[in-house]
Every structure is written in structure tokens, then in C-alpha cells.
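Please look at the model below and read the notes beside it.

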Amino acid sequence: MVFSSITFLFLFLPLTLIVYYICPGALKNIWLLLASLVFYAFGEPLYILLLLGSICINYASGVLIERMRQKSSAAGMKLVLIISLILNLGALAVFKYLDLGIALVSSIAQLFGQTGFMAVGLALPIGISFFTFQGLSYVIDVYRGKVGVQRNPLYFGMYIALFPQLIAGPIVRYSDVETEINHRTITADMLGDGMERFILGLCKKILIANICGEMVASIQANSSTVCLAWLSAIAYMLQIYFDFSGYSDMAIGIGLMMGFHFPENFLHPYEATSITEFWNRWHVTLSSFFKEYVYIPLGGNRKGVARQVFNLFIVWALTGLWHGACANFIAWGIYYFIFLVLEKFVLKRFCANWPRILKHLYTLFVVLIGWVLFSNTTWDGLVAQLSSMFGIGASFFNGASAFYGMEYALLLVVFALFATSYPKKWYQKLPSPIRLVLGLLGFGLSVALLINGSYNPFLYFRF
């Protein structure tokens, strides 16, 4: 079940909220746990056992670490933490990276004249990367003493399985909602803000991201020119932003309607004037996770330049690998590692006096090429698109370029404007009745397009 579906919009979400508001305080969390399990089982009936296993492992780990702390057993605490890490990351490795490992072993075996191994082909459990990281963050924070242990297994299960952020984030640390799990209030303002935020995210997905996705598909189905290749890359750049930020907006909005304040995940990243700033604005909860639980524990920037560069390499290789067991994702992570190191140690002084617009264009160019690398899972596809973009073996312009330019260029400019903070600032100054009318119009148009078959799965569901 996805947020942008008629079933979710007119059956699951209203029913869940109505029962939630009716439930007395003690039963609200239990109802949310049951609803979240139904939500997950709707699309992954078998892998709900994996989700339940993750809940049990991380709940038990937190309780055992607390018991070891009470016994002043540092060794016991560390042992429980290590076992939890192995079980969590082991499950993630089996379902997400087993075939990659088999492929590597097979390649090595074939070099020595041995027969390779067949891929297992396990289906990827939806959202496994997100709920695994949430469970890990909880156990590590309990070990560090940053959060208290949650002794109610049903409440803990609700935290891990909570359906708004279960499938594609934002990655909600236990510390973000520790107080609200046990005590939260829902005001009329929160309910209104949550509904508004949800509708905004739905409009981003249906009215912009899906249209950009159709542009990409249409352009790529035709002969490529330099103009078409750039048009396709820009459309994908906007699609992935509105798709993912739209999902985050919907998740945050549903959270508000239930009394939770989830962390922001996108801060208008395409307004950034450096790659460093871009990653402080894009998928903020993932960047924060790797900083808090990988970069800083490795030593961060406290052990000299060489060690800092090594730590950054590990973080960005893992960031790429987190997105999938494909070479392009790993290369994408290393690509950003290179630019972040260059900015930190080489370009910082060189670019310091650049005009802001030039810094912005540099950032957009690097990010755009990054999305080309990210979106092409085959070497041939990557080479073909980059070759076309830079005029290698491709004409600059043809009839198809004129057609798609007239069809899409102006719309992409409008969408690019909506990726900035200016429309939000303008919208917030409007009187409440006008905002209400605009919200209803956006919701109605989105539903109309859904009924007419406008459906594209969220891009980040595959992670």
C-alpha cells in the first residue's frame, strides 16, 4: 500500500485516524502498531515476519544492555551491542547484498577457471534499509546512554513499524520521539498543519514527480540529441526530488495528525551553493545517521587529514552501497566523496570569492551529473547518456528536440521554481481561506489523476 493510492487515501488513512482518535490514551499506540503491521502486510505479507524479527531483536537488545548497565558490566553491554549489530546488518546483507557477494565470488572463481555460482534472487523486503537503521540507532543510543530503554514491547514495536515513515523514511531516531511515544497531544493546529503538509506532499508526487517521470520515459524512448539528453537529465533531477521530498512531506504530515513531530528530511537542497551544503539539505536524516553512527565513531576529523579523508571515503562508499547493491550506486557515493574532499581541502579558498550564482550553477551541475550516474544501472546506459549530453556521437538538435522542448521546457522551469523556497514563502503569506481552497484544489486534481491511472511507484521504495 502506498500513500498515493485510492485505497490508502479513502480507506486505510481515514479508518486508522478515526479509530486512533476514538481510542483512549493507553490504546492509541497499540492501535497504531496493529494498523502499521496491516499496512506493511498489504504489500509484504511474508516479510512481515522479518519486520517482527527486527522489532524483537532490537527490543531485547535494549533491555539486555540496560540490565548489563545495572550490573556495571561494560563487557556485557558491548557483547549485546555487537550481537545486535551482527543480526541487524546480517539480515540487511542477506536480503540486499547477497547476490552482489555471490557475483564477486563467482568472478574470482572464474578467473581461476572454476564454475561460477548462481544468484539466489531474494526479493528485497520493502523499507528494510529504513527500519534496520532505526532499530540500530535505538540500540546504539541505549548503549551510549543517550535514551532510556523502552520496556513496553508493544510501544517499541509501534516505534519501529509506525507506518508513515516505515517504507521510505525519514529515518526517525528514538530520541526524536521518545517523549511523544508515551505522552503526546494533538491540537487543532497540528491536525490542520498535518493535513496541509500531507496534501502538499501528495501534490508534489502526483502533479510534479509523476509528470517528470513521464517526461523522462518519453524522451528516452526517442532518438537522443544533446538537447534531449540534458532535458531528460533535468527532468529526472526534478522527479527524484519531488518524489522523495513528497513522500517525506506526507510522512511528516501524517505524523503531525497523530501527535508526532518527525524530523525534516529536505531543506530545499537545489538552492545549495556547494556540495557540502547540498548534503546538509538532502535526505537530512540519512546524512545525520552516517555522521552520528559511522563518521564520528571512526574519528571524524579529530585524527589528522589522512584519517579524515579515509573516514569520509568509508562514509560515502557506505552511503552509495546503502542505496543498492549495484556498481553505479557505489560509484555515485565515491563521486560525492571526491567532490566533498575537493571542496574541503582544495576548492574552499579557490571558490571563496565566486559570485553566489556561479557557486549555485557549479553545485547544480555536479548534482545533475550525479543523478545521471545514480539513475543508470548499466555501464552502457551511463556512457550513452553522458556521451549524448556532451555531444559525443550525437547531434545537437533535431525535430524531436524541438517537439519536446516546446512540450516540456516551460513546465520544467515552473517545476524548478517550485523546488525553491520562494513558492512556500509566498503561500504562507496567503490568508487561510485561500490556502484552504488551494489545498482542496490540489487534492482534488491529484485524486482525479490517480483515478485516471496516473501511477508511478515511489523511487525510494527500492532502497
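Asn29 is in contact (heavy atoms within 4.5 Å) with Tyr155, Met158, Ile181 and Arg184, leaving aside its neighbours within four places in sequence. This is a predicted model, in which local features need pLDDT of at least 70, side-chain atom pairs count only at pLDDT 80 or more, and totals for chains, interfaces and linings use all residues. Residues are numbered from 1 along each chain as its sequence is written, and side-chain values use heavy atoms, with hydrogens and water left out.

**Asn29**
- Asn29 is part of helix α2, residues 25-43; helices are DSSP runs of H or I with at least four residues, numbered from the N terminus.
- Asn29 counts as buried because its relative accessibility is 2%; buried means under 20% relative accessible area, exposed over 50%, and partly exposed in between, with a 1.4 Å probe and protein chains only.

**Cavity**
- Rolling a probe the size of a water molecule over the atoms shows where empty space is left.
- On a 1 Å grid over the protein atoms alone, a cavity is a set of points where a 1.4 Å probe fits but cannot get out, a pocket is an open set with protein on both sides within 12 Å along at least five of seven lines, and lining residues have an atom within 4 Å of a point.
- The structure has 1 cavity of 30 Å³ or more, and the largest cavity holds about 40 Å³ of space; a volume is the space filled by probe spheres set on the grid points, which are joined across faces, edges and corners.
- Its lining consists of Met158, Tyr159, Leu162, Gln165, Val172, Val177, Ile181, Phe260 and Phe262.
- The elements α6 (153-161) and α8 (174-182) each give two or more residues to the lining of the largest cavity.
- Met158 and Ile181 belong to this lining and are also contacts of Asn29.
- The lining of the largest cavity has 8 nonpolar residues, 1 polar and no charged; Ala, Val, Leu, Ile, Met, Phe, Trp, Tyr, Cys and Pro count as nonpolar, Asp, Glu, Lys and Arg as charged, and the others, Gly among them, as polar.

- The largest pocket has a volume of about 1500 Å³.
- It is lined by 45 residues, of which Glu196, Arg197, Ile199, Leu200 and Tyr427 are the closest to its centre.
- Helix α9 gives the largest share of this pocket's lining, 12 residues.
- By class, the lining of the largest pocket has 27 nonpolar, 10 polar and 8 charged residues.
- The second largest pocket holds about 500 Å³ of space.
- Of its 18 lining residues, Asn280, Ser287, Lys291, Leu312 and Trp316 are the closest to the centre.
- The largest share of the lining of the second largest pocket, 7 residues, comes from α12.

**Aromatic rings**
- There are 55 aromatic pairs in the structure; rings of Phe, Tyr and Trp (its six-membered ring) pair if their centres lie within 6.5 Å, and planes under 30 degrees apart count as stacked, over 60 as edge-to-face and the rest as tilted.
- Tyr270 and Phe278 form a stacked pair because their ring centres are 6.3 Å apart and their planes at 10°.
- Tyr270 is buried at 8% relative accessible area, and Phe278 is buried at 0%.
- Phe403 and Tyr404 have ring centres 5.1 Å apart and planes at 80°, so the pair is edge-to-face.
- Phe403 is partly exposed at 48%, whereas Tyr404 is buried at 10%.
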